[in-house]
Amino acid sequence: MKQAPITAEQMRHYDSYTINTIGVPSLVLMERAALAVRDEILNAFPLNLGHVIVVAGSGNNGGDGLDVARLLHIAGVRVTIVNVGNPGHASDEHKVQDKICQYYQIPQTTDLAVLKQATLIVDAMFGIGIDRPVKGNYADAIKAINNCDAVVVAVDMPSGINTDSGEVMGVAVKATTTVTFAFNKVGLTKGAGQKYAGRIVIADDMGTYATDE
């Protein structure tokens with residue numbers, strides 16, 4: 001039976017159950033997520049790999065982005081990471097991915113001007129959690145992404161789109177493709193979400209367990 005699109009709360013519950021009850025480590029789920037994004041980029045956009053720029057927030061969505069950066073780097077793609085947000089608020093998983101990226105000496109910057117060099121941009125700022133208007137550095141980064149001619153691949157949700165309503169939370173990334181994890185999200189099927197998501201790819205082999213328990 002095909003799973004209907006789900007809400008942010010449902011996804012959080014499924015992730016929590018998979019990690020805490022079943023025992024699949026969160027970093028394993030993160031790696032599966034990043035592999036799905038990497039595969040989509042390498043398979044769908046082979047002509048846009050000249051310079052991939054990953055725009056990463058400080059939470060787990062940013063951690064996914066750093067993981068994608070490493071996987072593309074290992075595949076021989078030129079990658080630069082643009083960090084937005086507050087490093088002091090970085091999640092534990094994000095810190096792990098950052099340490100690995102530093103080991104691989106993947107260039108990192110906070111300068112949005114490098115986006116002008118991008119042939120493909122990975123949007124990894126907000127995942128499913130956004131519930132208030134985007135402001136500050138994040139809003140600047142979203143506007144800079146939307147002003148680029150590059151292909152944009154959004155990680156889980158286009159940053160700035162509400163996962164449940166599909167509405168634009170002030171400003172949102174206009175993606176070419178959105179790779180969403182485990183199940184489709186309600187906000188990608190209605191409102192502005194449909195338009196901003198571009199082509200939706202559901203990475204449905206993540207191993208996330210759907211349960212109401």
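Colleague: Which residues make the nonpolar surface patch of about 360 Å²?
Modeller: Ile74, Tyr103 and Tyr104 make that patch; bear in mind that this is a predicted model. Ile74 belongs to helix 3, residues 60-74.

Colleague: Why does Ile74 count as partly exposed?
Modeller: Its relative accessibility is 49%. Buried would need under 20% and exposed over 50%, so Ile74 counts as partly exposed.

Colleague: Let's turn to the rings. How many aromatic pairs does the structure hold?
Modeller: There are 4 aromatic pairs. One of them joins Tyr14 and Phe183, with ring centres 5.6 Å apart and planes at 75 degrees.

Colleague: What makes the Tyr14 and Phe183 pair edge-to-face?
Modeller: Rings pair if their centres lie within 6.5 Å, and planes over 60 degrees apart count as edge-to-face. With 5.6 Å and 75 degrees, Tyr14 and Phe183 therefore form an edge-to-face pair.

Colleague: Which parts does that pair tie together?
Modeller: Tyr14 sits in helix 1 (residues 8-22), while Phe183 is in the loop between strand 6 (177-181) and helix 6 (191-197), so the parts tied together are 169 residues apart in sequence.

Colleague: How do you know whether Tyr14 is buried or exposed?
Modeller: Buried means under 20%. Tyr14 has 4% relative accessibility, so Tyr14 counts as buried. Phe183, at 14%, counts as buried too.

Colleague: And why is the pair of Phe126 and Tyr138 called tilted?
Modeller: The planes of Phe126 and Tyr138 are 40 degrees apart, with 4.6 Å centre to centre. Stacked needs under 30 degrees and edge-to-face over 60, so the rest count as tilted. Phe126 lies in the loop between strand 4 (120-124) and helix 5 (136-146), and Tyr138 in helix 5. Both Phe126 and Tyr138 are buried.

Note on methods
Residues numbered from 1 in each chain as written. Predicted model: local features only at pLDDT ≥ 70, side-chain atom pairs only at ≥ 80, totals over all residues. Heavy atoms only, no water. Patch = residues over 30% accessible without salt bridge, like charges linked within 9 Å, V, L, I, M, F, W, Y side chains within 5 Å. Areas by Shrake-Rupley, 256 points an atom, 1.4 Å probe, with all protein chains shown as cover. Salt bridge = Lys/Arg side-chain N within 4 Å of Asp/Glu carboxyl O. Helix = DSSP H or I, 4+ residues; strand = E, 2+ residues; numbered from the N terminus. Buried < 20%, exposed > 50% of the residue type's maximum accessible area, 1.4 Å probe, protein only. Phe/Tyr/Trp six-rings, centres within 6.5 Å; stacked < 30°, edge-to-face > 60°.
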